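User: Hi, I'm new to reading protein structures. Could you walk me through a few features?

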Amino acid sequence: MKSVALKSFFYFISIVASFQIDGYRDHLAELDELDKAVITLGEEIYSNIDYAKEHLQQVKNLRYMNEFVVANFYTFTIKELENIHDNNPFLHVYDLNNQINYIKKYSPSTTEQLLGGWLAFEPDNIFFQSMLNSGDLLSIKNPALAKEIQSLYTKQSERVKGMALFTGEVGNNVLDWFVSEQNKYNTDISFNEVLIKNRNQKLKNVLVFKLAVLNDRITDIENYIHSLQNCVKIISEEYKAS
């Protein structure tokens, strides 16, 4: 009887141990997948550094154009605006390979964009959203990293995006001015002619306000880049052995 009882006991212990080992293996597998997810998120964040730096330069170039127009409001020429943009471009499109092509050919309608352009802010966030929806962000074991990531994708990113949209709202006021002044004529007249003939204090006031918005926006983008770099630094140190 004792032998049977001992065999049953050891059999029970082996089953429990097996479950514990399997559970431990599953736990390790989950941790391994989480580590891989964080590393992949780090790659997404790293790619956003290059994007943010390019975006920052574009906004600085937009500010430079705005400063020149305000400082030389009643004397600048259309050709001067085009030359400035040739050397300090910000208007752009993306080609089929997702590469930036800066606009260097101009039309009368381009003039409004040179003054009213705003530049959308669209960093990658697909993997962050995936980790957010799956709950993996809550499982990151380094609290400093978790806090930095959440701050980056919420406070920092949303602040920069909000300022970009606000710049767009101010830019719409520039477009409204062009359309309003153009509609004063009973004959066809281009935006180029409208600007040179009708530039007034109302337009200048809008551009002065836009300049203040751009200055704040640049500061926000610089803070965003700093946060990106902090995240990459923490991830590279935490997972350098992975």
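User: Is W177 buried or exposed?

Analyst: A quick note before we start: this is a predicted model, where local features need pLDDT of at least 70 and side-chain atom pairs count only at pLDDT 80 or more, while totals for chains, interfaces and linings use all residues. Residues are numbered from 1 along each chain as its sequence is written, and side-chain values use heavy atoms, with hydrogens and water left out. Buried means under 20% relative accessible area, exposed over 50%, and partly exposed in between (1.4 Å probe, protein chains only). W177 has 4%, so W177 is buried. F178, at 0%, is buried too.

User: How many aromatic pairs are there in the whole structure?

Analyst: Rings of Phe, Tyr and Trp (its six-membered ring) pair if their centres lie within 6.5 Å; planes under 30 degrees apart are stacked, over 60 edge-to-face, and the rest tilted. The search turns up 8 pairs. Take F166 and F209: their ring centres are 5.9 Å apart and the planes sit at 85°, so they're edge-to-face. F166 belongs to helix α5 (residues 143-182) and F209 to helix α7 (residues 201-238), so this pair ties together parts 43 residues apart in sequence. Helices here are DSSP runs (H or I, at least four residues), numbered from the N terminus. F166 is partly exposed at 32%, and F209 is partly exposed at 44%. W177 and F178 are edge-to-face as well, because their centres are 5.2 Å apart and their planes at 90°.

User: Which residues do ring pairs link into a cluster?

Analyst: That would be Y51, F121 and Y224.

Key:
Helix = DSSP H or I, 4+ residues; strand = E, 2+ residues; numbered from the N terminus.
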